Amino acid sequence: MDFLLSGVMAITPAQIVMYLIGGLLIYLAIVKDFEPALLMPMGFGAILVNLPLSGAIDQVMEGIGETHGIIQWLFETTIEASEALPILLFIGIGAMIDFGPLLSNPKMMIFGAAAQFGIFFTVALACLFGFDLKDAASIGIIGAADGPTAIMVSQIFRSKYMGAIAVAAYSYMALVPIVQPAAIKLVTTKKERMIRMPYNPKSVSKTTRILFPVIVTLVAGLVAPMSVALVGFLMFGNLLRECGCLDSLSKTAQNEFANIITLLLGITISFSMRAEQFVTWETLLIMVLGLVAFVMDSVGGVLVAKVMNLFVKEKVNPMVGAAGISAFPMSARVIQKMAVAEDPENHLLMQAVGANVSGQIGSVIAGGVILNLIPMFIK
């Protein structure tokens, strides 16, 4: 009883805040169905690592010596030392993606690039708020709407805000259906949202599908060498899907493999959500800056589409530009839902999917560009 009482007395107000945050993440995952595969493990992990003298993290116990906690061991082995989990997850993501809609309409690739604007905008904004350049770059990458990329960039730069960045990245990914429509309506008119885009798909040969991941890897490696791990594993997963002779491996990568990595990643990243690191004013500011990055990414894609419409005969619905973020396939579905709400006969799903899968490539290349550029400015 005395031991129980001493444990209760050791709880700090900051740890209580983390229990509430963990509970909120679990609630959003289970009740609201917001990215449950990641928010639920992260929420439960946040509670585990904030229990007094938690056995989930390393401790030095009197009369026993040092004991090693499983979550800290996972973090140090698979994220801090090697970035293994975020990178391995891209194999499964790549195996899930069908690049056919993009290959049949390559101009959608423009939006995958344009919708990364918020990343670089927020890097500059975070610097103005006093974050050093490495932390600012890690915060900006939240705008990629790509959790694994955000975790990897913040880990490589050794950002002390990794937990807040991971929570922000996955939270805003989950909130795409709420945040993105508001951002789009801010910069479009009803007439623009009603623009129809006839879909005339071109057949994509198997050879093209196989060559695409190889060529993208080569180009990305030459343009942004630091992106090779991210882009390469993404494209390797896609090659498993498209080669036609490794169906069992492709299905495993899409299901069991991706699920295991997602599960481990969610609970492992909670190590960086310990109260002393997480409950700060900087965390609140990071959540705000992450929202800015996410909104500006969507706005960037929309504005580029509007500029294109000044020069092309066949008009582009600006909403498709917003689908260039990496939140696949959620963003494409949001665009389709908005289009039908404005005009029940306007179907933009395939165009939005093309932009959306392009955004998946764009986000990892943007992460590589950040990793290449920031050290140059620091020197």
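This is a predicted model: local features need pLDDT of at least 70, side-chain atom pairs count only at pLDDT 80 or more; totals for chains, interfaces and linings use all residues.
The largest pocket has a volume of about 720 Å³. Its lining comprises 28 residues, of which Glu35, Ile93, Met96, Met173 and Phe328 are the closest to the pocket centre. Two or more lining residues are contributed by each of helix H3 (36–48), helix H5 (84–96), helix H10 (147–156), helix H11 (162–174), helix H16 (247–268) and helix H20 (330–342); among these helices, H16 gives the most, with five residues. In terms of residue class, the lining of the largest pocket consists of 16 nonpolar, eight polar and four charged residues.

Two packed helices are described by the angle between their axes together with the distance between those axes. H16, which takes part in the pocket lining, also packs against helix H4 (residues 70–80), at an angle of about 115 degrees and with the two axes 9 Å apart. This angle makes H4 roughly perpendicular to H16, and the crossing by which H4 passes H16 is left-handed. On the H4 side the contact is made by Ile71, Leu74, Phe75, Thr78 and Ile79, which meet Leu264, Leu265, Ile267 and Thr268 in H16. Seven residues of the contact between H4 and H16 are nonpolar and two are polar, whereas no charged residue takes part.

H10 and H11, both of which contribute to the lining of the largest pocket, have axes that come within 9 Å of each other and cross at roughly 165 degrees. The two helices are therefore roughly antiparallel, and H10 passes H11 in a right-handed crossing. The residues of H10 that take part are Gly147, Pro148, Ala150, Ile151, Ser154 and Gln155, and their partners in H11 are Met162, Ile165, Ala166, Ala169, Tyr170 and Met173. The contact of H10 with H11 contains nine nonpolar and three polar residues, and charged residues are absent from it.

By class, the residues in the contact of H2 with H3 divide into 14 nonpolar and three polar, with no charged residues.

Terms used: Residues are numbered from 1 along each chain as its sequence is written. Side-chain values use heavy atoms; hydrogens and water are left out. On a 1 Å grid over the protein atoms alone, a cavity is a set of points where a 1.4 Å probe fits but cannot get out, and a pocket is an open set with protein on both sides within 12 Å along at least five of seven lines; lining residues have an atom within 4 Å of a point. Grid points are joined across faces, edges and corners, and a volume is the space filled by probe spheres set on the points. Helices (H or I, at least four residues) and strands (E, at least two) are DSSP runs, numbered from the N terminus. Ala, Val, Leu, Ile, Met, Phe, Trp, Tyr, Cys and Pro count as nonpolar, Asp, Glu, Lys and Arg as charged, and the others, Gly among them, as polar. Axes are lines fitted to C-alpha atoms, for helices over the stretch in contact, and angles run from 0 to 180 degrees between N-to-C directions. Angles under 35 degrees count as roughly parallel, over 145 as roughly antiparallel, 65 to 115 as roughly perpendicular and the rest as oblique. A crossing is left-handed if the near helix is turned anticlockwise from the far one by less than a right angle, and right-handed if clockwise. Contact means heavy atoms within 4.5 Å.
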